[in-house]
Each structure stands twice: as structure tokens, then as C-alpha cells.
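Dear colleague,

Please find below the structure that I am handing over to you, together with its sequence. My notes on what was found in it follow directly after.

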Amino acid sequence: MEIVGECIYNNPPVLVTPSKPTPKLALYLSNLDDQRLLHFPIQYIYVFTGTLDMDTLKVALSRVLVDYYPLAGRLRASNEHDGKLIIDCNSEGVLFAEGFLPGLTAGDFILGHAKPHKSWKKLLYKDEQSFVCTPPLVVQVTHLSCGGTILCTAIAHCVSDAFGAAHFLRAWARAAMSEDSELAHPAVAPCHDRRALAPRCTPRIAFAHPEYTAASGGDDASAVAEASSRLFAPPLSPVSVTFTAAHVARLKKLYAPSASPLEQCTSFEALAAHVWRAWVRALDPPASLPIKLLFTMGIRRLVKPELSGGCYCGNGFVLACAESTAGQLAASAPDAARLVQETKQRVDDDYVRSVIDLLEVRRGCLPDLAATFTISSLTRQGLEDIDFGAGTPVHFGPLTSEVYCLFLPVIGDPRGATALVSVPQAAADSFERCCHDGLDDVDVEDKNQLPNIGDGMAS
Ligand SMILES: COc1cc(/C=C/C(=O)SCCNC(=O)CCNC(=O)[C@H](O)C(C)(C)COP(=O)(O)OP(=O)(O)OC[C@H]2O[C@@H](n3cnc4c(N)ncnc43)[C@H](O)[C@@H]2OP(=O)(O)O)ccc1O
């Protein structure tokens, strides 16, 4: 859906600062935070049919910034640590803009039209500064002619991941709903200290880490690079496919590694394997081409000791990497799911420490995305059902679509997921068809199970 018309700003944006004094310190960022991959703001929108009260939102934000004070600070390159980023917790404040977009309604985001379009950038105040100088949190509230409101947040990814962001947004919403926002405290105190994820004194890279390893030259590498450039050839088209709970249940059967109840797969394993295969089948590279799957994996409960003292608000995830070939992937659904399972099992404390040390030794390195499908799962993180006083959102999702695939929560269907990813335009229809493969009759079955509208009403 394209947003026509321009956003009208009647006033310049303001800086919202914490309502009480907060610690003044240079906050260390872990290597998982300060990796080049995360040097960008994550921009998401929440669309509400009701009106958000501006004063309430600002007062509540000012209150929660007392607990989430790093978001009111500024990123800086540290002189002591070789340019590594830190957060200068200086209470400068969150950039908060308010605008009005005539002609756009909350309803435009329902009815399955809510696929990001480049015009959606209007929903976020454009700060011309570099990534490091931009406040780690920028907010824009856009009023709509229907009385609805869009809340757009841009949070620097090196400050927080989805789990930390959800924790902050829920605390903000709770404060906005509370009679006296000064009394509203987060349910669990946030933990900003990232030293539990510091590298070892002598870095030890104990695994191959294909997620960061660029192909090392030679004929194979150039073949992968050449084929890969076709897999991502522009122009790219965003594709959004919603898998209902019934679709996911079917995929879990289709992808189960065996008929034994002991060898089941989770919703994520089945979905990840299915969408990875759909991508490969749609793009149809040579069967022998090595293909990888990278996916984000939460580590808060995997590291020893667990990151459980309060809510760890830094980035608590690593990239896990499954490897196969285009031919093998297309050939077997259960084998693809088994690969995802085995990859998950390899990620433990040793693996995470090894990633952290790798990022210490190879500062500035990026994941190797050649011939790679990347998934980040945002389901079950508590990001979507957030109520600031105007009810829960009718739409939640990113401002842009990218080459990495997001598994987004489906509002009203907690066991469903929407896969959103940009693929080469020429393969977009085929990708969507491959995603629906094996699922067509599920919708028919589902409809047959619905009670007949007339049932029970005759008397
Ligand atoms: C900064 O501001 C932001 C940021 C963002 C976004 C940022 C990011 O993208 S950061 C990366 C975010 N993603 C992650 O960290 C991944 C988190 N998920 C995991 O790590 C998962 O474990 C997994 C690796 C994806 C695999 O999951 P799965 O195979 O499902 O395995 P389990 O999680 O162990 O689940 C197995 C089983 O357990 C039950 N279960 C698990 N969790 C729940 C739950 N919450 N509720 C109910 N049940 C649960 C369930 O039965 C599972 O089996 P199923 O078959 O039912 O699935 C964005 C916005 C910003 O502002």
C-alpha cells in the first residue's frame, strides 16, 4: 500500500528526557551489540484505530526513561576501546515528533494490504544525522483523518534486540495506562549491564562459524558469489505470506523428521525449513550450489550463567547457521527440518562465547550472506499486543521490507506467523506459490470445521 500525501508537522520535534536524575556513565556494549550488522535503527509501526493522548504518552515516556535511561543517551565511538561503540548515558533525550497524515486511515492497514512500501518512510521523522549521532530512540506519532493513530519507533539495534524492545515498550504502555505514571514501574527491572557477555581474556574461536566466514577465494567461491548475485538481483519485491495456526499445524506434520511422536518439530523448525525451501525452489539455482540458512537464536537461557537477573535489555541473540545444497533442500522437507533442529542444538554456551570472541578478533566483520537465506523470528516476543490506552494495534510490523525474512506475529492468531521478505521481482509469484505448497486444502478443511452460520439460531 502506497501512502500518498505528505505528513504535516505543525511543531518541530521535542526531546523527551527522564523525569528524574539517572546514572551518568559510559555504558559498555557487548560484541553482540556492537557488531556492524546491528549498526542501524530498527523501525516498526503500531497502527491503532483510536486516538493516543500526546501528553500521556510523553509523561509516561519520561517516567520509563528513568529505568531505561540508555535510550535517552547517545551512542559514541570510545577512544579507549579502539572505536568500539558505547552509550554515553547523558539524558539528552528521546527525539519525539508529532505529525498528521490526511487521507490515510487505520483501516488501510488491515484487509491484507499492509505490506511495507517505500512511502511508509513518511511515518518516521527524518533525522539527517549519522547513525551514531541520531538518538538511539526516535518516536513519531502520526494522527490519521479517521481518528486513528500510528506510533512509529526507531530503536538503534546495537542498544537492544526484540526482547529488550518489547520489555521497554510494554513498560511505556503500562505507565501510559496507569493513573499516576510516576508510580508505574516495569514488572521486572531492566538489566543494562552487558559485562556478562564480555569476551574472554584470551579469545578462543572454537567453531568454524560459517555465518561469518566469507568464501575463501578459488573457483567454488566465485561460483557461489556469481550465483548469489542472481539470487538477490534487483529489483526486489516484498512478499508477505501469512501462515495461520492451521497451516502451521499442517507444516509440522509435513516436516516431522519421522512418523514417531518422539521426532516432532516445533512451529519454527517447520516454518523455517518450509520458507527456506520455498525461496530456493522459487529462485531455482544450480542443484550443486551450497546454500545456507542463518537464523537469529535467543541466548538468554543458553549461556552460563543464564542472563536472568532482571530483564537483560542488550542483544541476547546469535546467528545460527545451517548448510545444505539447493538440490538437497528441494528434495526433502523432513531433511530440511532436521538440519534446522541440528543447527539449534549446536548453539550452547561454548558456541556463544566463541561468537563473542570471534567478534572481538575480527572487529567490524559482517555475516557472509552469499547464497544465504536469513530469518529473524519475532513471534512470541510480546511485541505486538501493546496497549497505550487506545486498545491493541490492528497492525504491527516493520517500516520496510528487506532481504532478510521476518517471522512476524499475526494479530488475533498467536500460533500463526507472517513471513515477510523481499525477493527478486521475477521470482516473487513463484516464491509465494511455493510457500502455499501443501497447504491449499487446509483452508477448505478449516472452513468445513466452522459452525454453519444458521446453526442453533432456528428456534
Ligand atoms: C530494537 O528494537 C526492536 C527490535 C526488533 C527486532 C529485533 C530482532 O530481530 S533481534 C532477533 C530476535 N529473534 C530472536 O531473538 C529469536 C528468538 N527465538 C528463539 O530463539 C527461538 O528459540 C528459535 C530459535 C526461533 C526457535 O524456536 P523454537 O523452535 O520454537 O524452539 P523453542 O523456542 O524452544 O520452542 C519450543 C516449544 O516451546 C513452546 N514455546 C516456546 N516459547 C513459547 C511461548 N512464548 N509461548 C508459548 N509456548 C512457547 C512451544 O510449544 C514450542 O513449540 P511449538 O511447536 O508450539 O512452536 C523489533 C522491534 C524493535 O523495536
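The side chains of E6 and K122 form a salt bridge, with 3.7 Å from N to O; a salt bridge here is a side-chain nitrogen of Lys or Arg within 4 Å of a carboxyl oxygen of Asp or Glu. This pair links distant parts of the chain, 116 residues apart: E6 belongs to the segment before β1 (14–16), and K122 to the loop between β6 (94–101) and β7 (137–144). Helices (H or I, at least four residues) and strands (E, at least two) are DSSP runs, numbered from the N terminus. In total, the structure holds 18 salt bridges.

Please note that this is a predicted model, in which local features need pLDDT of at least 70 and side-chain atom pairs count only at pLDDT 80 or more, while totals for chains, interfaces and linings use all residues. Residues are numbered from 1 along each chain as its sequence is written, and side-chain values use heavy atoms, with hydrogens and water left out.

The two domains

The chain is divided into domain 1 (8–191) and domain 2 (210–379 + 389–436), with bounds that come from an automatic or database domain assignment. Their contact (heavy atoms within 4.5 Å) takes 49 residues from domain 1 and 44 residues from domain 2. The C-alpha centres of the two domains lie 27 Å apart. Between them, domain 1 and domain 2 bury about 3700 Å², of which 64% is on carbon and sulfur atoms. Buried area is the accessible area (1.4 Å probe) that two parts lose on being put together, summed over both.

How many salt bridges cross the interface of domain 1 and domain 2? The rule finds one. Elsewhere in my notes is the salt bridge between the side chains of R300 and D161, at 3.0 Å from N to O. On the side of domain 1 that touches domain 2, β3 (41–48), α2 (162–177) and β9 (190–191) each supply at least two residues. The largest share of that side, six residues, comes from β3.

The ligand

Which residues come nearest to the ligand? Of the 25 residues around the ligand (a heavy atom within 4 Å), these are K252, T266, G298, K344 and R415. A polar side-chain atom of T266 lies 2.6 Å from an oxygen atom of the ligand. For R415 the corresponding distance to a ligand oxygen atom is 2.7 Å, and for S376 it is 2.9 Å.

Backbone features

Most residues other than glycine have a negative phi, and most peptide bonds are trans.

- P234 and P235 are joined by a cis peptide bond, with omega about 0 degrees; P235 lies in the loop between α3 (218–231) and β10 (236–243).
- The peptide bond from K304 to P305 is also cis, with omega near -10 degrees; P305 is in the loop between β11 (290–298) and β12 (311–312).
- H209 is not a glycine, yet has a positive phi of about 50 degrees; H209 is found in the loop between β9 and α3.

Yours sincerely

Notes. Polar contact = N/O pair within 3.5 Å; in protein donor to acceptor, adjacent residues only side chain to side chain.
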